[in-house]
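Please keep the sequence and the structure in view while reading.

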Amino acid sequence: GRGPTSPNRSTLERSSAFPETLHVLAAMVAFRPDNDSRSSGDGSFDTSSAGRLIIDPPPHDRAYVAQHLTFLENYFRRVSHGKLIVKGDLLGAVYRLPYVMQHYSPPRNTAGNVELGLLMRDAWHLVDSATPGVPFGNYQAFLLIHAGAGRDVDLTSIFGFDPTPFDIPSIYLNLSSLKKMFGESYGGVSVDSGRFTIENTIIMPETESRDVATATGTARLQLGINGLLAASIGSHLGLPDLFDTKTGASGIGRFGLMDGQSIFSWSGLFPPEPSAWERYFLGWITPVTLTGGNAVYSLPAAGTANQEDSVYKVLISAREYFLVENRNRDANSDGSTVTIFRNGQSDSLTWRRDTAGFNAFNVDSLYGVVTDVDEFDWSLPGGV
């Protein structure tokens, strides 16, 4: 499982009910160099020169990771109406582990994922020893960005085989999952001479894109990591996966955050807003319970500027209810403005409608790193 099924909100910094602040400590982790074609890359981050008009282009350096942390902050600030502030701090070094990527890649269909727990343990021990004085206690969530591509896409269904079975799947590890790996007595990764214990970690790749050799030549699969990063924070907050975790089959589709279709919506560049239930679960909204009668209710779209969401709760029984909300891809009737970092600078571009190079199936216009979108629900299915 990617995440817990109970809220983690007690770990947030709370001076009052809202806003809440989630402090995230991030580190970049490389592996021992290798030339094994069964894993993506050579164990190091891709720091080749910029210039390719692709999603999340190299160099994948500290600035590149910082841009994704900026997206994370912008996403949760907007979709929570300012109730959740995510602040990411990125350590300056790239930490190289002593093993090749395969060492940390769990076999498919394994139940334990112990290798991922070892990656978490080894990485934070390395950070702790190589960079004394890191204030681990200032953070509630921890993030490892590793070299290479993630094992998060069913390449067999796309190319007919999996060319990189030793890539590392992305995951959110909490104390419960760590105890399943290492035993009930395990308390997490001890750092700072035993003064702090890291009990959770998000494990993410530098990219989800890759070049794959096929019978007709090399094919480029382009996917961004923003959606996966946002959903991983959702897991830390306590949101459960809302798809079939055994088969990968979609559950809520692109109508919330915690579904594979949303994670890779618009090629992974930006997911839609969380669903009404997800926002309710996180305490961001208070639904209005409907009573009998012929009352008329206003239902403005989620994402409407300067207006709190209106969500209605329709009781079915003492334990069941429907949540009713209005979702609109262009709630403010002003098109979609996307902020992209590329060519060494930040640009804001506006589209009034889906068009060639700017639609759910072709995002050629969005090369670079997307750092903000004025309406994340533009990622919903349907027209405008």
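## Basis of the description

The model is predicted, and for that reason local features are reported at pLDDT of at least 70 and side-chain atom pairs count only at pLDDT 80 or more, whereas totals for chains, interfaces and linings use all residues. Residues are numbered from 1 along each chain as its sequence is written, and side-chain values use heavy atoms, with hydrogens and water left out.

Helices (H or I, at least four residues) and strands (E, at least two) are DSSP runs, numbered from the N terminus. Two strands are said to pair if DSSP finds at least two bridges between them.

An open sheet of three strands has the order 15-14-16, and its pairing is antiparallel. Strand 15 and strand 16 are the edges, each with a single partner strand, so one side of each has no neighbour in the sheet. From one strand to the next, the twist averages 30°, where angles run from 0 to 180 degrees between N-to-C directions and axes are lines fitted to C-alpha atoms, for helices over the stretch in contact.

Strand 14 (residues 336–342) is mostly covered, with five of its seven residues buried, that is, under 20% relative accessible area, as against exposed at over 50% and partly exposed in between (1.4 Å probe, protein chains only). Seven bridges join strand 14 to strand 15 (residues 345–351) in the antiparallel sense, and the two form a hairpin with two residues between them, where Asn-343 in the turn has a positive phi of about 55°. Within this pairing, Thr-337 has Thr-350 as its bridge partner, and Thr-339 has Ser-348. Towards strand 16 (residues 369–373), strand 14 pairs antiparallel over four bridges, and here Thr-339 stands opposite Asp-372. Helix 1 lies across strand 14 and strand 16, running at about 20° to strand 16.

## The sheet of strands 11, 12 and 13

A further open sheet of three strands has the order 11-12-13, with mixed pairing. Strand 11 (288–289) and strand 13 (321–324) stand at its edges with a single partner strand each, so one side of each is left without a neighbour in the sheet. Strand 11 runs parallel to strand 12 (residues 312–315), joined to it by two bridges, and Val-288 stands opposite Tyr-312.

Between strand 12 and strand 13 the pairing is antiparallel, over four bridges, and these two strands form a hairpin with five residues between them. In this pair, Leu-315 stands opposite Tyr-321.

## Two helix pairs

The axes of helix 1 (residues 62–79) and helix 5 (residues 226–237) come within 10 Å and cross at roughly 60°. The two helices are therefore oblique to each other, given that angles under 35 degrees count as roughly parallel, over 145 as roughly antiparallel, 65 to 115 as roughly perpendicular and the rest as oblique. The contact (heavy atoms within 4.5 Å) involves His-68, Phe-71, Leu-72, Tyr-75 and Phe-76 of helix 1, and Asn-226, Leu-229, Ala-230, Ile-233, Gly-234 and Leu-237 of helix 5. By class, this contact has eight nonpolar, three polar and no charged residues; Ala, Val, Leu, Ile, Met, Phe, Trp, Tyr, Cys and Pro count as nonpolar, Asp, Glu, Lys and Arg as charged, and the others, Gly among them, as polar.

Helix 2 (residues 114–130) and helix 4 (residues 175–182) have axes that come within 9 Å and cross at roughly 110°, and these helices are therefore roughly perpendicular to each other. Their contact is made by Val-114, Gly-117, Leu-118 and Met-120 of helix 2 with Leu-178, Met-181 and Phe-182 of helix 4, a set that divides into six nonpolar, one polar and no charged.

## Two buried loop residues

Pro-274, in the loop between helix 6 (260–263) and helix 7 (276–281), is buried, with a relative accessible area of 1%. Leaving aside neighbours within four places in sequence, Pro-274 is in contact with Tyr-75, Val-79, Gly-256, Leu-257, Arg-279, Trp-284 and Arg-327. Pro-274 and Val-79 are 195 residues apart in sequence, yet 7.2 Å apart in space, C-alpha to C-alpha.

Asp-36 lies in the loop between strand 2 (20–30) and helix 1, and is buried with a relative accessible area of 19%. Beyond its neighbours within four places in sequence, Asp-36 is in contact with Gly-41, Gln-102 and Phe-166.
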